[in-house]
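Subject: Structure for your review

Dear colleague,

I am handing over the structure below, and I would be grateful if you could read it alongside the notes that follow.

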Amino acid sequence: MTVRRRKPRYPTPQESPAIAELWLLRMLVPLDGQKDLISRNNFSNDTLAHAVGLGDWVDNDEREFDASAIRLELRERHRAAEARASAITTPPTLRANVGRLATLVGMSDTDCRILEFAAMIHHDRVLDDGADTLGQLSSLKVMDTLASLLDLEPADVRHALSPHGVLARSGLLAVDRSGIGVLRGKLDLLSDKFADHILASDADPLSLLRDTVSPSAPARLALDDYAHIDTALAILRPYLQHALSGSKLGVNIFLHGAPGTGKSELARALAAALGCELFEVASEDSDGDPVIGERRLRAYRAAQCFFSQRNAMILFDEVEDVFNDGDNMFGRKSTAQRRKAWLNRTLEQNTVPTLWLSNSISGIDAAFMRRFDMVIEMPVPPRRQRERILRDACADLVDAGTIQRIAESEALSPAVVNRVAAVVRTIRDQFDQAGAARAMEWLIDQSLEAQGHAPLRQRDATRLPAEYDAALLNADADMAALAEGLARTRSGRLCLYGPPGTGKTAYGRWLAERLGMPLVLCSASDLMSKWVGESEKNIANAFRRAERENALLLIDEVDSFLQDRSNARQPWEVTMVNEMLTRMEAFSGVFVASTNLMDGLDPAALRRFDLKIRFGFLLPDQAQALFGRYCPNLGLPAPAPEQLARLRRLSALTPGDFAAVARQHRFRPFMSCASFVSALEQECSIKAKKARPIGFLAASC
């Protein structure tokens with residue numbers, strides 16, 4: 001197989017050092033590359049001819065091209081170069097940098113000489129051209145060629161370039177063993193820029209890893225911002241502290257969770273709290289192009305060697321590039337699976353504690369997961385934590401109400417908040433307080449929508465109307481007394497059923513306020529997914545979130561998930577009901593489900609509800625009391641007796657009808673109580689028409 005090579009910018013032939021000329025002559029004479037360079041009438045590469053001292057034969061009109069004489073001269077030049085070979089060395093900068101690496105990772109003299117040659121052939125265009133005269137080489141031929149070029153024992157070269165040698169284990173250099181290729185292409189350095197870095201100037205070994213491994217950014221959050229995972233931190237922090245003392249090998253922590261949950265920031269906060277350095281394995285190169293999984297593992301190998309004597313940890317983010325980059329459909333294994341033995345040894349023996357981060361745990365081979373010391377799921381921070389992060393980042397820019405509204409977004413990452421706050425703070429003098437808040441929200445919305453998330457809610461979706469009163473619900477239970485009982489137990493599963501608009505969802509909101517609990521509100525559209533298995537995951541996540549936040553969980557339209565399994569037509573319909581039942585059974589907090597369709601629910605679901613409460617249409621006295629609350633709030637006078645009489649005749653009136661009509665008042669104001677009653681009558685008549693049987697006259701509302 002021919003290896004495709006990318007040639008960067010190289011020095012001119014005049015800049016090539018003497019060692020390069022010696023190697024070129026060895027390529028052309030003992031290894032017989034001259035057959036490719038010298039033809040009957042010309043050179044195949046004039047630049048190469050100049051580099052080995054044959055420039056007088058290039059385009060010389062006064063001298064006829066004589067291939068035999070040229071070969072004779074080439075052999076003489078080779079003999080002369082070999083006579084002074086002991087005095088020829090690699091460039092001082094390269095030699096010094098390789099010497100530092102040798103001390104750091106334990107390279108032998110053979111390792112050093114091979115690495116120097118590999119760096120130069122990747123850096124020097126003429127040396128690369130000379131190697132091309134040798135043609136396509138197998139892996140074994142590469143080793144024999146290096147032995148001849150560098151005057152080394154073949155057995156020593158084979159040992160140095162074995163998969164278990166220091167060069168391979170450190171990630172500095174590996175031989176591409178996939179088929180045949182030209183010499184440069186078969187010598188795979190740590191990164192495309194490694195040769196440039198190691199030849200450029202005397203450098204700290206860490207600088208040689210740039211483009212592959214770099215110091216992590218400073219922590220923006222503290223461990224106090226992760227109180228929602230305090231149980232995990234109570235184990236993780238002392239465990240990492242013990243590992244950093246140097247008394248334990250193979251320390252690997254796997255953190256997984258949705259984007260924006262703060263995995264990277266947690267790693268930085270841990271490093272800051274432990275007083276150690278944190279180095280990140282790059283996922284993209286200096287040009288912004290993604291780094292393939294194989295390269296990232298090479299960089300990780302090098303980091304393990306380079307930092308083994310430092311008080312440091314390694315952060316390997318986006319591990320999907322390594323563990324889950326295969327293709328099950330076509331049978332292509334992931335990078336980790338192709339390097340399974342090596343990676344398993346690494347997870348068991350690495351000297352530098354490593355934090356492996358992933359957005360998802362699915363698709364990762366269980367054989368790898370078993371080797372992680374801790375597997376920690378990073379949940380979405382609860383709302384109170386999000387509010388705290390926002391206050392720390394931008395309390396000087398926005399008011400408390402804006403912070404609460406922004407904190408509703410579970411998709412908003414701390415990094416976005418910090419960037420947006422920095423932008424607004426830069427031009428703070430251009431805004432008043434309200435303008436700064438609007439700018440913050442606008443910029444956050446743009447970022448959220450660009451990531452495919454919903455924008456911030458401009459109104460509080462959980463806010464109850466000022467006219468709400470739990471006593472004005474036509475329920476077959478004392479709803480106020482029920483709230484008092486739940487306030488004592490903080491546990492209960494309620495099913496609220498009845499016609500739409502009768503106040504079921506609103507009661508769940510009111511109950512959360514009464515109990516002083518956060519509210520996790522989910523509708524069917526929030527949880528249902530077209531993808532098999534996703535609905536079950538969403539249901540599980542909703543219950544887990546409520547548990548984490550000690551919140552009241554309110555699921556609207558719960559009939560979508562609890563239909564009688566005996567009527568199921570698809571397997572996923574059964575698994576979705578099973579998931580809901582399992583989560584209900586295990587949930588220890590307050591769970592409120594609402595439905596308009598009680599008939600058809602699975603019998604097992606009915607048994608799991610502690611209390612099933614029917615909500616009906618407003619009784620006449622309740623309708624009149626609620627009407628009396630709305631009129632002054634809408635700027636209307638007290639109703640006349642005839643208007644109250646009309647109201648009391650509406651037998652299918654609900655609190656939802658009042659709320660809908662009140663919203664109309666914002667853009668179509670009512671001028672009198674009579675018009676308010678007329679609007680309520682119209683709401684009822686629409687429901688009557690929908691309920692009227694074909695061929696029969698329905699009774700008036």
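How closely do the axes of helix α16 and helix α19 come, and at roughly what angle do they cross? The axes of α16 (residues 293–306) and α19 (residues 340–349) come within 13 Å and cross at roughly 35 degrees, where axes are lines fitted to C-alpha atoms, for helices over the stretch in contact, and angles run from 0 to 180 degrees between N-to-C directions. Helices (H or I, at least four residues) and strands (E, at least two) are DSSP runs, numbered from the N terminus.

Before going further, please note that this is a predicted model, in which local features need pLDDT of at least 70 and side-chain atom pairs count only at pLDDT 80 or more, while totals for chains, interfaces and linings use all residues. Residues are numbered from 1 along each chain as its sequence is written, and side-chain values use heavy atoms, with hydrogens and water left out.

Leu297, Tyr300 and Arg301 of α16 make the contact with Trp342, Leu343 and Thr346 of α19, contact meaning heavy atoms within 4.5 Å. By class, these residues divide into 4 nonpolar, 1 polar and 1 charged; Ala, Val, Leu, Ile, Met, Phe, Trp, Tyr, Cys and Pro count as nonpolar, Asp, Glu, Lys and Arg as charged, and the others, Gly among them, as polar.

In a second pair, the axes of α21 (residues 383–394) and α23 (residues 414–426) come within 9 Å and cross at roughly 25 degrees. That makes α21 roughly parallel to α23 (angles under 35 degrees count as roughly parallel, over 145 as roughly antiparallel, 65 to 115 as roughly perpendicular and the rest as oblique). The crossing of α21 past α23 is right-handed, and its contact is made by Ile389, Leu390, Ala393 and Cys394 of α21 together with Pro414, Val417, Asn418, Ala421 and Arg425 of α23. This contact has 7 nonpolar, 1 polar and 1 charged residues.

Turning to the strands, an open sheet of 6 strands has the order β3-β5-β6-β7-β4-β8, with mixed pairing; two strands pair if DSSP finds at least two bridges between them. Its edge strands, each pairing on one side only, are β3 (213–215) and β8 (374–377), and the twist averages 25 degrees from one strand to the next. Within this sheet, β5 (residues 277–281) and β6 (residues 312–316) pair in the parallel sense over 4 bridges, with Ile314 of β6 as the bridge partner of Phe279. Helix α14 (residues 230–247) lies across β4, β6, β7 and β8, running at about 140 degrees to β8.

Strand β13 (residues 590–595) is largely enclosed by the rest of the structure, because 6 of its 6 residues are buried (under 20% relative accessible area, with exposed over 50% and partly exposed in between, using a 1.4 Å probe and protein chains only). Strand β10 (residues 492–497) runs parallel to β13 and is joined to β13 by 6 bridges, while 3 bridges join the parallel strand β12 (residues 552–555) to β13.

Finally, His228 lies in the loop between β3 and α14 and, at 14% relative accessibility, counts as buried. Not counting residues up to four places away in sequence, His228 touches Pro379, Val380, Pro381, Pro382 and Gln385.

With best wishes

How values were computed. Left-handed = near helix turned anticlockwise from the far one by under 90°.
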